[in-house]
Amino acid sequence: MKILLTGSNGLLGQKLVARLCQESGVELIATSRGTNKLAMHFPTVRFVPLDVSNRAQVREVLAHERPTHVIHTAAMTNADECELNRAACWQHNVIAVKHLAAACAALDAHFTHLSTDFVFGGDAGPLAEDAVPAPVNFYGESKLAAEHVVQASPGRWAIARTVLVYGVAHNYGRTNLVLWVRDSLRAGQPIKVVADQWRTPTLAEDLAEGCWLLARQAAQGIYHLSGDEFLTPYDLALRVAAHFNLDAALIERVDASTFSQPARRPARTGFLIEKARRELGYTPHSLAEGIALVSRQRDAVT
Ligand SMILES: NC(=O)C1=CN([C@@H]2O[C@H](COP(=O)(O)OP(=O)(O)OC[C@H]3O[C@@H](n4cnc5c(N)ncnc54)[C@H](OP(=O)(O)O)[C@@H]3O)[C@@H](O)[C@H]2O)C=CC1
Ligand SMILES: Cc1cn([C@H]2C[C@H](O)[C@@H](COP(=O)(O)OP(=O)(O)O[C@H]3O[C@@H](C)C(=O)[C@@H](O)[C@H]3O)O2)c(=O)[nH]c1=O
């Protein structure tokens, strides 16, 4: 297998590099826009710069590399930025997928595309793959439009939808709920955490494993890949505080209505993951195991 990965500097991209370079039968090409943030950590992994929103670059890189599989993680992932800068969001989240899907179909390369729980409206979670999408923000609209592009492709494809991903990565440009709660409480800083959203948080390593299973089996269709514990960010914050023995009194329980964010968030998403368990052999860690893994990694870095 020759796998071309997009977004290798991101949270999931970094975990996929770490996972795929352990597979002896896989030749990996990591791509991202800008410089390679993993050069020091994975010096033997080949890196090619690629801005997926640039059609000429996508065609040129894929025609030159001729991958058998593409795993597409790159996206504009800040929902508030997407709401405020819709043209850029469409370019990175939808037009880029058109370029990649066309290039993959031309090469008969299997295409694994990453999508989100934000394609759903959030009144009915946890959700199976056949639930009816109804995004409530522009990021979700863009990711749903991208799903339609992939589904209309004549090539071979899988869509991996995921939820609230957490994990440790090198300088990846944002943070995630578990690290934010831990670092805020460690600094003695009070935080407000929502108790009226429900999610199935996803350990980044589990998601990377799920993407690998999809590519390896050249799976076809939509798969929900997340953890299997359905809880609120507030409950997750309490679990993080307990694990790290930090002061839970710093966590204020709030409703999402107390935030004035540009992008509305869906209330109840979260996924049912039986299809991925049954068809792919996907077996995510428990939340307790995931938080423990994060804590070991962060401790190793600091
Ligand atoms: N994180 C989460 O909670 C969830 C993520 N997802 C989806 O999973 C996927 C992976 O997310 P995650 O790794 O967490 O996201 P990150 O934000 O950590 O990484 C996304 C990466 O995409 C890169 N990127 C953006 N636009 C382009 C472009 N035009 N060309 C090349 N690279 C680009 C970014 O580059 P740069 O560093 O330069 O900005 C960044 O490194 C995404 O498709 C996302 O929509 C779905 C649900 C939940
Ligand atoms: C910043 C902040 C977040 N939260 C909660 C709300 C939310 O459920 C969770 C994460 O908030 P964020 O704004 O980081 O992310 P948000 O945009 O809500 O989360 C999403 O990211 C994109 C990429 C996705 O595709 C989604 O699946 C989802 O995980 O943390 C608080 O409770 N208090 C806060 O101050």
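Author: The largest nonpolar core has 84 residues, and Leu5, Leu100, Cys211, Leu214 and Tyr223 touch the most other members. A nonpolar core here means buried Ala, Val, Leu, Ile, Met, Phe, Trp, Tyr and Cys residues joined through C-beta atoms within 7 Å. Buried means that 20 or more other C-beta atoms lie within 10 Å of a residue's own, with C-beta atoms placed from the backbone.

Keep in mind that this is a predicted model, where local features need pLDDT of at least 70, side-chain atom pairs count only at pLDDT 80 or more, and totals for chains, interfaces and linings use all residues. Residues are numbered from 1 along each chain as its sequence is written, while chains are lettered from A and ligands numbered from 1 in the order in which they are written.

Now zoom in on Cys211. Leaving aside neighbours within four places in sequence, Cys211 is in contact (C-beta atoms within 7 Å) with Leu16, Ile71, Thr112 and Ala160.

Stepping back, 48% of the 302 residues of the chain count as buried. In soluble globular proteins, nonpolar side chains tend to be buried together. Among the chain's contacts between residues at least 6 apart in sequence, 80% join residues at least 24 apart.

As for overall size, the C-alpha trace spans about 55 × 40 × 40 Å along its principal axes. The chain's radius of gyration, taken over C-alpha atoms, is 19 Å, which agrees with the value near 19 Å for a compact globule of 302 residues; that globule rule is 2.2 Å times the number of residues to the power 0.38.

Definitions and conventions:
Buried ≥ 20, exposed ≤ 12 C-beta atoms within 10 Å, placed from the backbone. Contact = placed C-beta atoms within 7 Å.
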